[in-house]
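Please consult the structure below while reading.

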Amino acid sequence: SLKTLGNLKKITSSPGKHYPRWASQFEKITKPKWWMYLGTLLHDIGKPETICVKESKITYPKHAQIGFELIKKDIEKLKFSNEEKNGIEKIISNHLRVSQLANNEREPTKKATNKFFRDLGDLSLFFIFLDLADASAYPKKVTKEILTKSHLKIHDFLFESFFLKKEKIMPKPLLNGEDLIRIGYKEGPKIGKVLKKITDLQISEKITNSKQAINYASKELETQ
């Protein structure tokens with residue numbers, strides 16, 4: 001983790017050096033906050049608790065999922081702000097997200113890409129840098145095995161989605177809960193589920209305007 005942290009500091013100080021195609025775009029993004037580096041230092045803290053040796057192969061199943069729980073009380077004692085605490089938790093819990101997309105060896109669907117950016121929010125680009133930093137912390141032979149052309153292609157795909165295709169990947173909602181309540185539907189979890197379905201249909205371009213969104217919502221809510 002110390003090596004990953006060192007790599008990350010180098011990458012975030014001059015990201016254009018590592019991804020020259022996006023150098024001009026990186027000038028527009030904000031620099032990482034201090035707690036993002038702390039989250040990086042702690043990102044593998046769940047490994048000792050989850051180590052598994054099988055047929056001479058070492059794995060750490062679910063180490064990302066349990067990592068934050070191991071330090072949650074300590075973080076709370078330090079009285080970090082909600083942004084800092086939630087951010088550190090997000091980094092530890094999601095540090096494998098980029099590599100998971102890359103391991104599929106296929107270009108992510110619009111839905112999967114939307115989920116990535118929706119879940120990770122303002123930290124989305126940071127996770128790409130973290131993936132590079134973490135993979136580069138291994139011995140060179142292992143790093144080459146991880147950072148294949150197809151793996152780095154996913155990095156490029158995510159940058160392109162964020163910088164050039166954000167409106168298609170993360171379309172603005174055509175409808176919200178207040179709209180549906182205003183036309184007579186009761187507030188509740190059903191509305192949330194329908195709005196999520198509409199978002200998915202927007203991403204796949206099956207719903208492209210407000211009228212279609214209202215018609216779909218009305219049909220769904222009246223049959224539930």
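A helix is here a DSSP run of at least four residues, and helices are numbered from the N terminus. The model under discussion is predicted.

**A positive surface patch**

Lys17 lies in helix H2, which covers residues 15-18. With a relative accessibility of 69%, Lys17 counts as exposed, because the term applies over 50% relative accessible area. Lys17 also belongs to a positive surface patch, together with Lys3, Lys10, Lys140 and Lys144. Two elements give two or more residues to this patch: helix H1 (2-13) and helix H11 (140-146).

**Salt bridges**

Side chains of opposite charge can pair when their charged atoms come close. A salt bridge requires a side-chain nitrogen of Lys or Arg within 4 Å of a carboxyl oxygen of Asp or Glu. By this rule, the model holds 12 salt bridges. The table presents three of them.

| Salt bridge | N to O distance |
|---|---|
| Asp119 and Arg97 | 3.1 Å |
| Lys115 and Asp119 | 3.0 Å |
| Asp179 and Arg182 | 3.0 Å |

Which parts of the chain does the pair of Asp119 and Arg97 link? Asp119 belongs to helix H9 (residues 110-120) and Arg97 to helix H8 (residues 97-103); the pair is 22 residues apart and thus links distant parts of the chain. Is Arg97 buried or exposed? Arg97 is buried, since its relative accessible area is 17% and the limit for this class is under 20%. Asp119, in contrast, is partly exposed, with a relative accessible area of 26%.

Asp119 also forms a salt bridge with Lys115. Both residues lie in helix H9, 4 residues apart, which is about one turn of the helix. Lys115 has a relative accessibility of 41% and therefore counts as partly exposed.

The bridge between Asp179 and Arg182 is placed within helix H14 (residues 177-182), where the two residues are 3 residues apart, about one turn of the helix. Asp179 is partly exposed at 22% relative accessible area, whereas Arg182 is exposed at 60%. Elsewhere, salt bridges that share partners join Arg21, Asp156, Glu160 and Lys165 into one network.

**Summary**

In this predicted model, Asp119 pairs both with Arg97 and with Lys115. Lys17, for its part, is one of the residues that form the positive surface patch.

Terms used:
Residues numbered from 1 in each chain as written. Predicted model: local features only at pLDDT ≥ 70, side-chain atom pairs only at ≥ 80, totals over all residues. Heavy atoms only, no water. Buried < 20%, exposed > 50% of the residue type's maximum accessible area, 1.4 Å probe, protein only. Patch = residues over 30% accessible without salt bridge, like charges linked within 9 Å, V, L, I, M, F, W, Y side chains within 5 Å. Areas by Shrake-Rupley, 256 points an atom, 1.4 Å probe, with all protein chains shown as cover. Lys, Arg positive; Asp, Glu negative; His and termini not counted. Charge placed at Lys NZ, Arg CZ, Asp CG, Glu CD.
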